[in-house]
Amino acid sequence: MKRLMGFMLLCLMLIMGVNAQEDTRLVILESDTADFRDISLDLLVLQNEQAVRGLSSNNISISEPTANLTVTELADRPVAMVILVDLTIGSNDALIRQTLRAYVDTYYRPDDILVFYIMDSTTPRRVQVNNQTEAVNLINSLSSSTNTFRVNDALPNVASELNIISSAYPNYVRHALLVGTLMYSTRTDNAASIPVPMDVIQAGSRPDSLEAYTRIATTTGGRFISDPSGQLSANQGESVVASNELATLFDRINHNRTHYLVNYRSINQDLAPTRNVTVTVQLPDGSLVTQTFNYSPQFEPPTVEFINTNFTPSREFLPGGDNTTFDNPNTTIMLQVDFPDDVPRDLTNVKVEIIDADTENIIQTIVPDTFILDSANRISVTWDLRGFNTPASTTRLILRAFVEDELGLSASTEHTGEVRVAQIPPTSTPAPTNTPPPTNTPVPTNTPEAVNIGGVVELDAETATPVILSLGVGVIILTIVTIFLLFTRPGKAIVQQGGVFAKTMVAGATQIFGVSHSPVDEAFNPTGPVYGEIQILQGMNQGQIIPINRERFVIGRELAAGCDYAIPQPFVSAKHCEINTRGGQSWIKDLGSANRTYLDGVPLIPDQEMPLRDGSTIGISSHIQIRFNAAKPAQSTGGWGSQKTQLDYSQKTQLDQPAFGNPPEQPTQINFPGVSKPPMEQPTQIDFPGVSKPPMEQPTQLDMSPPREEPTQIFSAPSSPNFAPDTQPEPADTWLDDPTLIGADDSAQAEEEMPDGIDPDTQYSQDRGLEGNRPSQGRRNAEDFDLSDDNQNNPPVDDDWEI
């Protein structure tokens, strides 16, 4: 019965040994996935706890898409060895020392862990050595004990030590070794707790212990060898070298240092935050072993660069059309977008910001219609240059490109540039001149006429020449003096407005406020409210003031386009802007002009109203600056001041106007009869009619009679009344030299003394400029102005004149 049970136990042990030999596993010792594109794995392939050797890239496959897979076999893994030494009484301690020295002297490496459990006392003694010298000294000190010990009782200590090493040093090759001569007790059931193969070496001859030693080796998957006489090791100098079966056993332990370094490049395009990868190894016998690992790819932000780096577009003047325009209205910006991690992905945002380099303000933000990259990872953005329309300007810029991908990773880049706008070439439109208005003075002809100065004097040829030269010099001097007085004496400026003429009242002008008005005065008084005024600060007609007498007041280049105030310049659009007044508030709106409208230096958005305040500056393109003056309530007894809304001009002085109530300085009137040059070969007859001395010392006579009827005169509303209302009568003008021409009641006497061929009304209108008791100072007749449709489109501009 005992023999049957022993046979069954032996069969069970053999079955367990076969199963242990067939135990195959793949261990991923380490994985380096810091750069998720290049993966590095450290693999250990074990079969029956012995490292498998001889594998290559043909034996290993990866579940994710890979490139450049390489497999390198290495034999440098450190070994953690736990040695159990049985020194029971009767042991061959010399052969035990020689066997242990054969391993330490040849196979031990500095990185190895070597722990001894020495059975030479009541409990196994644990000793861990840190280097080869300590191991040799310990082995040389071993000697047989006088006591007996049970190996089975010490096996749990070995198992516990191996488990501790596995946790602390997972990459170490773990192994166990039992060296002894005899076993006092043949019990070995604790051998099943050993987690790794335990090789058993019997140093000496004790046949009674052979079966127990073999059973331990078989149970743990190790090997058993017997060296009864020490023939498996020998001394070589100071070292001991193993041979034959002992050398084979130690080589097998050393082979467990084998592991494989696997490197590959991942070409996985998956954007998942975690990737699960399976490694499969085919063993030499054809069996497969697998292991799974995972890693989280760390995607890198994209990069963006400008492909075209020469950002200096130029805009040249483009003549023709309704508005002044420039060529090159846009240009293309090309961006190169790359993904350093080689994982292409969609873009969710692309924009280019145009920044003023001087102010660092964003001028434009350009967003393309689509964010789709082409096959070369490029994208184009159209840059609108129409906002750069100031002639002869250069704008320094910073271009900033920004991209963002579907993972929320973004990148940006900057580049400098500038936009140049050409100068507008000179136009064929003649510049406004200050040509004096036509008068009723007859044009001199080539027919010689006698000059009547006093009596009739006949000059011979010798005296005629110096007389004529003297008269010519005198006429030139008098002409220069007259022109000087005409242009230095305050007068009136006629400006184009709303298809008629607006009168700018300056110093010396007739007062238009008061209780009495002549018919002509009423002709240019506005018939409706005045909503404010605009004053030219820079550009044509600088200093001119224009009242805003419409709720919708349009400013542009052409009257034919429906403008209320026209500026005939090429950089002004046909309808440039308009001022709207509603409920006491005025608003400015750009009408889609080519060269923009500015409010206090800020460009207006076309067709969008912006509120005006008193003193706001309006820019008509960048060439004309206009100041807006809001309407203010003012009290008056009649005339303009009787309207609902009026401007308070009581504190304004235009063109150095003297304080109201002080009569202006009276100019001297010089009358020149028509003079023509007589022929040199004939004596010149000079006629001197009687001329009375101008009454410079006589007081001025005022004509208070009702005004006489005159032909209808056409005037526009005055640009800006420059006097506060006053009910006191105005001092009569004293600048006429002839007292017969003062007052309407003396018209008959003046007519009698007029030279022949000169109409009294014409002379009265030209020389006196009077109507009733009010001097009009330079009032023109209707026939002096061509008010036809053609002339309304291009009336004279900035035509300062005075009679």
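Let me begin in one particular spot, where Arg 97, Leu 100, Arg 101, Val 104 and Asp 105 of helix α2 meet Gln 132, Ala 135, Val 136, Ile 139 and Asn 140 of helix α3. Before I go further, please keep in mind that what you see above is a predicted model. As for the way such a meeting is described, two packed helices are characterised by the angle between their axes and by the distance between those axes. Here the axes of α2 and α3, the latter covering residues 132-140, come within 10 Å and cross at roughly 175°. Since an angle over 145 degrees counts as roughly antiparallel, α2 is therefore roughly antiparallel to α3.

Let me now step back to the chain as a whole. It has 11 helices and 45 strands, and of its 803 residues, 43% are buried. If we take the contacts between residues at least 6 apart in sequence, 68% of them join residues at least 24 apart. The chain exposes about 40700 Å², and carbon and sulfur atoms supply 51% of that area.

Next, the aromatic side chains, of which the structure holds nine pairs. One of these is formed by Tyr 103 and Phe 250, an edge-to-face pair with 5.2 Å from centre to centre and 65° between the planes. Which helices does this pair tie together? Tyr 103 lies in α2, residues 93-107, while Phe 250 lies in helix α6, residues 244-255, so the pair links parts that are 147 residues apart in sequence. Are these two residues buried or exposed? Tyr 103 has a relative accessibility of 3% and counts as buried, and Phe 250, at 0%, counts as buried too. Together with Tyr 107, Tyr 103 and Phe 250 form one aromatic cluster. There is one further ring I would like to point out, that of Phe 402, because the charged end of Lys 351 sits over it, 5.6 Å from its centre.

I turn now to helix α5, residues 210-220, whose buried residues are Ala 212, Tyr 213, Arg 215, Ile 216, Ala 217, Thr 219 and Thr 220. Just after α5 comes Gly 221, which takes a positive phi of about 90°. Leaving aside neighbours within four places in sequence, Arg 206 is in contact with Thr 181 and Leu 182. The C-alpha atoms of Arg 206 and Ser 91 are separated by 9.4 Å, although these residues are 115 residues apart along the chain.

Asp 342, with a positive phi of about 60°, is placed in the loop between β21 (330-338) and β22 (347-356), and counts as partly exposed at 44% relative accessibility. Asp 607, with a positive phi of about 65°, is placed in the loop between β37 (602-603) and β38, and with a relative accessible area of 58% it is exposed.

Strand β38, residues 610-611, contains Pro 611, which has a relative accessible area of 40% and is partly exposed.

I will finish with another proline, Pro 65, in the loop between β4 (60-62) and β5 (66-75). Pro 65 is partly exposed, its relative accessible area being 41%, and, residues up to four places away in sequence not counted, it touches Arg 265, Ser 266, Ile 267 and Asn 268. The C-alpha atoms of Pro 65 and Val 277 lie 10.0 Å from each other, while the two residues are 212 residues apart along the chain.

How values were computed
Residues numbered from 1 in each chain as written. Predicted model: local features only at pLDDT ≥ 70, side-chain atom pairs only at ≥ 80, totals over all residues. Heavy atoms only, no water. Phe/Tyr/Trp six-rings, centres within 6.5 Å; stacked < 30°, edge-to-face > 60°. Helix = DSSP H or I, 4+ residues; strand = E, 2+ residues; numbered from the N terminus. Buried < 20%, exposed > 50% of the residue type's maximum accessible area, 1.4 Å probe, protein only. Lys NZ or Arg CZ within 6 Å of the ring centre and 35° of its normal. Contact = heavy atoms within 4.5 Å. Areas by Shrake-Rupley, 256 points an atom, 1.4 Å probe, with all protein chains shown as cover. Axes fitted to C-alpha atoms, helices over the stretch in contact; angles between N-to-C directions. Parallel < 35°, antiparallel > 145°, perpendicular 65-115°, else oblique.
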